[in-house]
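Please look through the sequence and the model shown here before reading on. The report that follows begins with a pair of residues and then turns to the chain as a whole.

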Amino acid sequence: MNNRASFQYASRLVLQFLFLAAIFPFAKADTQYYKHTLFDNSLEPDAYYYSSGRASAPSALELIHGKLPVSRDLFYTPPNALRLKWRSVPDGGWEAGISAINFRNREIAFHGDTLFFWCFSAAGIPASSLPLIQVSDAGGNFSNSLPLEKFVASLAPGKWVQVQIPLDEFKTASIHELELQHVEKVVFVQNQSDGAEHTLIVDEFMIDDRLAAASAPAGTASSLPAPQNVRAKGYERHVDISWDSVNEAALERYVVYRSLDGSDFTPIGIQVPGVNRYADFLGKPGVSARYKVAASDHRYKLSPFSNEASAATKTLSDDELLTMLQEACFRYYWEGAHPISGMTLENIPGDDRIVATGASGFGIMALLVGVDRGFITREQGLERLTKIVTFIEKAPRYHGVWSHFMDGDSAKTLPVFGRFDNGGDLVETAFLMEGLLSARQYFNGPAVHEKDLFQRISHLWETVEWDWYRRSPQSDALYWHWSPEWSWHINHRLTGYNEAIIVYLLAIASPTHAVPAELYYSGWANQGEAGAKYRQGWSATHEGDRYVNGHSYYGIKLDVGVGSGGPLFFTHYSYMGFDARGIHDRFTDYFNDNQAIAKINLAYCIENPGHYQGYGANFWGLTASDGADGYMPHEPTPRMDDGTMTFTGALSSFPYTPQASMAAFKHIYRDLGDRAWGEYGPRDAINLSEDWVSPIFMGLNQAPITVMVENYRTGLIWKLFMSNPEIEPMLDRIGFKPGRVAVKSH
Ligand code: CA
């Protein structure tokens with residue numbers, strides 16, 4: 001088949017995909033869910049992190065570490081609710097705030113005109129003894145306090161009641177107008193001082209403009225169909241329950257039920273639309289359970305139950321555990337991918353428009369592992385990769401370079417990091433190309449559509465203008481960004497040591513737009529003032545600021561690297577494809593250098609100078625992630641360590657530290673269990689000192705686990721990437737040689 005014919009074939013494939021997409025509407029995604037949900041459940045079992053409270057004597061309010069306690073036995077939606085337990089006494093006071101979870105790329109903008117929540121009191125509470133309620137918005141403006149009794153009668157004992165409060169009842173009590181669509185917090189405040197202790201369970205805080213739900217008690221049937229084809233699969237400590245998507249506009253959530261005795265089913269958890277999977281921890285091997293699932297609408301009315309599925313936990317070998325880990329993380333890129341583009345979402349939950357270029361490259365490598373391990377068929381992998389390639393072929397390119405973020409529907413560039421970031425991102429493009437070049441060598445069979453894909457990837461590779469990102473023919477480095485509007489305004493010179501060695505490797509390897517191999521030394525490994533200043537800027541140390549380091553940390557010598565090595569993702573992203581084993585440049589052999597960085601990170605966490613909870617030989621691996629207070633590139637220095645443990649750190653280091661990574665994996669899975677593990681494997685991060693667990697999974701952090709575990713087990717992605725014909729000549733041009741090197745001190 002010639003090029004033209006294969007192009008037509010590809011176009012037919014595209015048309016088929018679009019046709020299928022039209023017939024089978026894609027499941028509603030979670031962004032919609034979070035435009036209505038202020039609170040549904042706490043991820044942490046004891047105290048809700050996104051809450052606050054205080055009391056002044058003689059009044060009292062039950063708090064755990066200053067947060068509201070979680071009610072696990074009483075809830076409206078499983079697995080929990082929040083408990084308000086107070087005593088209102090004259091001359092005292094108390095208040096309790098419940099905030100929306102402000103995860104990455106969530107816009108706190110609710111769609112609706114009414115605040116709803118469910119409440120329950122075992123003993124009953126007279127209306128006059130109910131607290132006051134107020135709200136505040138994302139700008140910190142707060143409302144007046146309204147008596148709850150205005151909206152709800154006395155609470156009968158043991159009965160769930162839904163409260164409805166029109167948002168316009170709340171008037172500003174601060175100096176600015178209250179922005180009701182940006183309400184992010186509900187606050188309960190002491191009202192009548194009856195001196196008695198009251199307990200109110202509250203759950204499901206929603207802002208909505210659809211019909212109120214009070215007349216429809218939970219459990220009455222809705223028009224939603226039962227979820228179909230419920231499956232259950234047992235692992236060592238948990239069961240994965242999955243089902244076919246219910247594609248109905250009225251779907252608000254799924255409710256998962258479990259029975260341990262085969263007859264008595266209890267609700268154990270909910271899942272948002274767009275995710276058709278739930279991980280249920282049973283705690284130990286040898287436990288059998290049966291499951292069924294119902295769909296629930298915005299009035300909390302349930303569909304008929306699904307079929308029942310059963311599974312039992314069972315002892316798994318280390319190999320089986322690793323496969324489980326790889327498959328769980330792989331699902332982020334398979335089931336969790338953007339439905340139109342097939343690309344990787346920046347984070348889940350998040351903003352379901354935003355697909356990320358570099359994370360999509362990582363996702364492609366995870367897909368290859370998925371095919372090779374039989375999680376999906378070769379045809380499925382090929383179809384998905386074709387979808388991704390078709391999308392990035394039409395996406396805007398800036399001298400061949402893609403932007404960091406795109407709209408997954410339209411491919412439009414999304415300047416998520418600010419107005420200057422509306423052009424090409426060379427690092428993200430290199431990560432994407434790392435994945436594409438690995439895929440080119442995997443789908444390299446004689447079938448027509450594999451040949452076609454090979455050619456299309458080759459064309460994408462050959463049209464990346466690496467040399468343009470040199471900025472000028474005299475420049476001795478590559479630059480991270482270029483935008484048609486802002487040109488070189490961001491002015492980020494690419495200087496190692498960090499995650500980006502792959503950029504220089506690919507730029508030098510390019511068959512069409514190569515840069516000279518000397519840029520590796522003048523740009524990436526720059527030992528002059530420019531490089532030193534750059535490294536000091538982010539690290540606040542002189543150690544390693546001339547690229548080479550030479551110091552020892554915890555008795556481990558570091559040839560190359562800034563300070564004590566930096567965040568661990570430096571040793572993952574480029575090395576998912578680049579197999580640095582057995583070769584060295586004039587400075588170091590990077591596999592061993594990365595191993596040193598990982599071992600220093602482990603030793604630091606064992607020493608634990610910050611005295612953070614949980615740190616040790618099985619809880620280590622500081623690297624970049626969002627923490628309780630936002631993003632931080634965590635690294636083994638007291639300055640960049642706040643107690644947040646990002647699971648990809650230890651788990652993506654398997655090739656460097658197999659025993660210590662396995663110890664971390666078993667601790668995360670067996671001991672932290674459902675606090676740490678969700679539908680896509682380990683959650684992004686946890687901070688045991690703060691009782692915080694990340695509400696998200698990150699596109700950059702799950703795939704390195706799948707891929708680096710595979711490299712540890714079989715070297716698959718290393719072999720694929722290194723087999724590209726442009727790689728070995730490039731390494732020769734730079735001066736990589738076989739064997740180890742003894743670094744000279746500077
Ligand atoms: Ca709940």
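## A metal site and its chain

Asparagine 41 and threonine 77 are both buried, where buried means under 20% relative accessible area, with a 1.4 Å probe and protein chains only. This is a predicted model, in which local features need pLDDT of at least 70 and side-chain atom pairs count only at pLDDT 80 or more, while totals for chains, interfaces and linings use all residues. Residues are numbered from 1 along each chain as its sequence is written, and side-chain values use heavy atoms, with hydrogens and water left out.

The calcium ion is coordinated at 2.3 to 2.5 Å by Asp40 (O), Asn41 (OD1), Thr77 (O), Thr77 (OG1), Asn80 (O), Asp203 (OD) and Asp203 (OD); donors are N, O and S atoms within 2.8 Å of the metal (3.2 Å for Na, K and Ca), and water is not among the atoms, so sites may look incomplete. Asparagine 41 lies in the loop between β1 (37–39) and β2 (47–48), and threonine 77, 36 residues apart from it, in the loop between β5 (68–71) and β6 (81–87), so that the pair links distant parts of the chain. Strands here are DSSP runs (E, at least two residues), and helices are such runs too (H or I, at least four), numbered from the N terminus.

The table gathers values for the whole protein chain.

| Property of the protein chain | Value |
|---|---|
| Helices | 16 helices |
| Strands | 37 strands |
| Buried residues | 61% of the 746 residues |
| Box filled by the C-alpha atoms, along the principal axes | roughly 80 × 60 × 55 Å |

Notes. Buried < 20%, exposed > 50% of the residue type's maximum accessible area, 1.4 Å probe, protein only.
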